[in-house]
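Morning, everyone. Please bring the model up on your screens. We'll walk through its sheets and its helix packing.

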Amino acid sequence: MAETAATMRKPIEGKPKVVVTRHLMPAVEARMVELFDTTLNEEDRPFSRDELIAAMQDTDVLVPTVTDRIDAEMIAQAGERLKLIASFGAGTEHIDLRAAAARKIMVTNTPSVFTDDTADIAMCGIIGVPRRIREGVELVRRGQWTGWAPSRMLGRKLGGKVLGIVGMGRIGQAVAHRARAFGLEIAYHNRKRLPEAVERMFHARHVESLDELLAQADIVTLHSPLTEETRGMIDARRLALMKPGASIINTARGELIDQEALIAALESGHLLGAGLDVYPEEPRVDPRLIRHPNVMTLPHIGSATAEGREASGEKVIANIRFWMDGHRPPDQVLEGLV
């Protein structure tokens, strides 16, 4: 699409000052140092709120990650020179986008590069929870495995079970593609129904109501963005709708699930287990989840591949260079508001 006068900007003269809040891949950092006046985070220690504000007061470009919370109050204290927040990662809920737009601060992200990586980790839970993988691994490591027996460590077969996908975007579709190979029946709930041709491609059927999907599924996997509408959407009432012995997988955002309600459903035995890569108070993981024998607790590694992280860093660099040249970055968020 051709750029308009609203998207064209005067090119930046010289090297812009860029502050990077976390340690990135070495090749990415080396390239950023070469191209920009770059301040790196050599310690890889998360910035405090005050440190983020200080960085925003004296830079042209801030490169935060999805764990850096940047709210309206912080943006109000940003210096006049801050014109671009080039976020590393696909999510944008950590940034108050409207506040940034009001200050005419452009925001970019790095979508699409983590789709397959995150789908792979979701499949770990989809397979691992019904088959009690965590429990089996710990049994062997504790030296308590007494050998094969026909009635021990019985899990649930995957073939023929219903996988309920909540959020059928890029990652949800990648999960559907993988899950079909394991004989799972695919049902999904989405804000908008997919075209019929796409449904046929994934052998997926649309379920209009989230409540209905939860009631039908043997395994539920979450791939929704975090918004005010989706925050806590999997609450006690909806967990109670799930089949006894069902399991839930979350590689999206921890805040999608009411954690207390989830723990209650697990401890009561209503749910067979859970596969969690994200939590509402990261890096804290509730000890009750850690203790549960059939909860896979992963350290937010859905996007943690060397290839994905390098590709994300390259997108950050591309977004900054487009902005420097006075052009619209390829991954601008909320186009038209800035």
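Start with the sheet of seven strands. Its order is β8-β7-β6-β9-β10-β11-β12, it is open, and the pairing is parallel. Two terms here. Strands (E, at least two residues) and helices (H or I, at least four residues) are DSSP runs, numbered from the N terminus. Two strands pair if DSSP finds at least two bridges between them. Now the edges: β8 (204–206) and β12 (295–297) each pair on one side only. From one strand to the next, the twist averages 20°.

A word on what we're looking at. This is a predicted model, where local features need pLDDT of at least 70 and side-chain atom pairs count only at pLDDT 80 or more, while totals for chains, interfaces and linings use all residues. Residues are numbered from 1 along each chain as its sequence is written, and side-chain values use heavy atoms, with hydrogens and water left out.

Zoom in on one pair of strands. β9 (residues 219–222) and β10 (residues 246–250) are joined in parallel by four bridges. Which residue of β10 is the bridge partner of L222? It's N250.

α7 lies across β6 (162–166), β7 (185–189) and β9, at about 170° to β6. Angles run from 0 to 180 degrees between N-to-C directions, and axes are lines fitted to C-alpha atoms, for helices over the stretch in contact. Helix α11 (residues 259–267) lies across β10, β11 (271–276) and β12, at about 135° to β11.

Next, the sheet of five strands. This one is open too, in the order β2-β1-β3-β4-β5, with parallel pairing. β2 (37–39) and β5 (106–108) are the edge strands. Here the twist averages 15° from one strand to the next. Inside it, β1 (residues 17–20) and β3 (residues 61–63) run parallel, joined by three bridges. V18 has V61 of β3 as its bridge partner.

Now helix against helix. Two packed helices are described by the angle between their axes and the distance between the axes.

First pair: α1 (residues 26–35) and α13 (residues 306–324). Their axes are 9 Å apart, at an angle of about 15°. That makes α1 roughly parallel to α13. The cut-offs: under 35 degrees is roughly parallel, over 145 roughly antiparallel, 65 to 115 roughly perpendicular, and the rest oblique. Contact means heavy atoms within 4.5 Å. On α1, the contact residues include V28 and L35, and on α13 they include V316 and I320. What kinds of residue meet there? Seven nonpolar, one polar and four charged. Nonpolar covers Ala, Val, Leu, Ile, Met, Phe, Trp, Tyr, Cys and Pro; charged covers Asp, Glu, Lys and Arg; the others, Gly among them, are polar.

The axes come within 9 Å and cross at roughly 50°. α5 and α7 are therefore oblique to each other. Their crossing is right-handed. Among the contact residues are M123 and I126 of α5, with I171 and V175 of α7. This contact divides into eight nonpolar, two polar and four charged residues.

Last, the record. An unreviewed UniProt entry annotates residues 29–333 as "domain: D-isomer specific 2-hydroxyacid dehydrogenase catalytic". UniProt positions are in the numbering used here, feature names are shortened, and annotations may be inferred rather than shown by experiment. Over residues 29–333, the chain is 37% helix and 14% strand, and the end C-alpha atoms are 23 Å apart.

How values were computed: Left-handed = near helix turned anticlockwise from the far one by under 90°.
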